[in-house]
Amino acid sequence: MKQSFLTRAGWFATLVCSAALVSAAQAAETNRFAHFDGIWSKTRGSLRYSQNPPFTPAAQAAFDGLRPQDDPGSRCVESGTPRIMITPYPMEIIGRDNYILLVSEFNHVVRRIWTDTREHDPDADPSFYGDTVVHWEGDVMVVDSVNFNALNYLDPAGDPMSTRMRLVERWQLTDSDTLQIEFTFDDPEHYTRPWTSVQTYKRQPKGFKLGEFSCTENNRNNPDDPNNPKSLTSTDTPQPYERKRPQ
Amino acid sequence: MNFSKVLMLGATLAIAAAAEAHHSFAMFDNEKEQTIEGEVKEFQWTNPHIWIQINVAGADGKVVEYSIEGSSPNGLRRQGWTRNTMKPGDKIVMTMHPLKDGSPGGSFVRAVVNGEPIGRN
């Protein structure tokens with residue numbers, strides 16, 4: 001059967017359009033994690049996920065007895081997740097097709113979220129940033145992390161975490177310049193029930209640059225440093241964290 | 001009182017952490033503000049935090065050195081500070097959240113250097 005030129009051209013056009021649609025769909029899928037690309041800063045406010053987390057009695061007692069020099073941060077220990085997400089330092093988010101990088105200005109910390117796995121790895125080593133799987137619920141990216149090494153606090157206030165903690169983050173752009181993340185902490189070792197905190201991050205303007213930052217350059221808060229006579233945390237007096245700080 | 005001018009105020013300011021912190025600031029009394037007046041001895045424009053060393057002369061002539069911890073150079077730069085914002089010998093009026101244990105030091109709240117306010121961190 002002979003096809004007219006116009007018919008053949010029609011088929012060709014259809015094929016080209018279909019290919020373009022498929023490739024656009026693939027690109028949309030591929031670039032989905034670029035959804036959050038940009039430099040973001042947490043909005044000002046508390047450096048604590050909750051002013052009143054549902055502590056177990058033991059966790060409450062431990063928290064009340066915290067001393068400044070107990071803070072792993074005073075020794076520049078890796079921040080880990082979720083502490084890096086509540087620091088006041090800006091962070092760059094870079095979405096690739098199979099991972100997302102969060103590059104914090106704080107100590108050049110990199111949190112890498114693999115996005116191409118669907119199951120937690122039972123053999124993963126406990127780590128500062130945990131073992132993470134990602135899925136989408138509509139326009140919400142759900143980041144599910146387990147297997148933390150728990151060598152740091154949840155936040156600078158000293159809220160504790162354990163290796164049993166599961167953290168679920170729900171990432172969503174509420175407008176083009178606002179990233180909202182809902183954190184749900186499930187850690188039966190320290191808390192009587194799962195609890196939630198919402199943090200917001202603002203997109204920084206074009207031209208905003210992350211600076212250099214070394215935690216060990218002049219860390220006068222390191223209580224272990226014998227060469228640091230001016231250390232201000234080397235007191236042995238227990239000083240409960242001030243919880244009246246406004247949100 | 002062994003320093004020239006001290007104002008203790010019950011702080012009611014709705015401000016966030018006085019100095020943006022990578023570590024606990026529990027050693028500072030964030031409910032109080034204290035103002036000292038003296039001379040900059042050293043300006044440490046360093047990470048993770050800047051430090052301002054201030055010599056404060058008491059009524060008895062004795063000089064006490066205060067250590068004031070501030071935010072990071074990156075954060076302060078975005079608010080107009082530079083490594084030359086102050087230098088040794090500058091006259092400074094410093095408002096801080098004092099150390100709870102009474103040691104001469106605190107966290108930065110605001111300051112006036114040679115008569116010019118340098119703003120909140």
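**Entry 1: the disulfide.** I began with the sulfur atoms of A:Cys76 and A:Cys215, which sit 2.0 Å apart and form a disulfide. The model is a predicted one, so I read this as a computed distance, with a cut-off of 2.5 Å for calling a disulfide. As a reminder to myself, a disulfide is a covalent bond between the sulfur atoms of two cysteines. I then looked at the handedness: the link of A:Cys76 and A:Cys215 is left-handed, with -80° about the S-S bond. The pair joins distant parts of the chain, 139 residues apart. A:Cys76 is in the loop between α2 and β2 of chain A, while A:Cys215 is in the segment after β9 (195–203) of chain A. How many disulfides does the structure hold over all chains? I found one.

**Entry 2: are those cysteines buried or exposed?** I checked both against the cut-off for buried, which is under 20% relative accessible area. A:Cys76 has a relative accessible area of 14%, so I wrote it down as buried. A:Cys215 counts as buried because its relative accessibility is 1%.

**Entry 3: chain A as a whole.** From the N terminus on, the order of elements in chain A is α-β-α-β-β-β-β-β-β-β-β. Chain A has 247 residues, and 46% of them count as buried. Its accessible surface comes to about 12600 Å², and carbon and sulfur atoms hold 54% of that. I also looked at contacts in chain A with a separation of 6 or more: 59% of these are between residues 24 or more positions apart.

**Entry 4: confidence in chain A.** The mean pLDDT of chain A is 85, and 79% of its residues reach 70 or more.

Entry 5: Most residues other than glycine have a negative phi, and most peptide bonds are trans. I went looking for exceptions and listed these.

- A:Thr81 and A:Pro82 are joined by a cis peptide bond, with omega about 5°; A:Pro82 lies in the loop between α2 (57–64) and β2 (91–95) of chain A.
- B:Asn47 to B:Pro48 is also a cis peptide bond, with omega near -5°, and B:Pro48 is in the loop between β2 (32–44) and β3 (51–57) of chain B.
- A:Ala150 has a positive phi, near 55°, and lies in the loop between β6 (140–146) and β7 (166–175) of chain A.
- B:Asn114 has a positive phi, near 50°, in the loop between β6 (105–113) and β7 (116–117) of chain B. With a relative accessible area of 45%, B:Asn114 is partly exposed.

**Entry 6: one residue in chain B.** I finished on B:Thr95, in strand β5 (residues 91–98) of chain B. At 8% relative accessibility, B:Thr95 counts as buried. Leaving aside neighbours within four places in sequence, the contacts of B:Thr95 include B:Glu33, B:Gln34 and B:Thr35. B:Ser107, B:Phe108, B:Val109 and B:Arg110 are also in contact with B:Thr95.

Technical notes. Residues are numbered from 1 along each chain as its sequence is written. Chains are lettered from A and ligands numbered from 1 in the order in which they are written. This is a predicted model: local features need pLDDT of at least 70, side-chain atom pairs count only at pLDDT 80 or more; totals for chains, interfaces and linings use all residues. Side-chain values use heavy atoms; hydrogens and water are left out. Helices (H or I, at least four residues) and strands (E, at least two) are DSSP runs, numbered from the N terminus. Buried means under 20% relative accessible area, exposed over 50%, partly exposed in between (1.4 Å probe, protein chains only). Contact means heavy atoms within 4.5 Å. Accessible areas come from the Shrake-Rupley method with a 1.4 Å probe; for residues, only the protein chains shown count as cover. pLDDT is the predictor's confidence in each residue, from 0 to 100.
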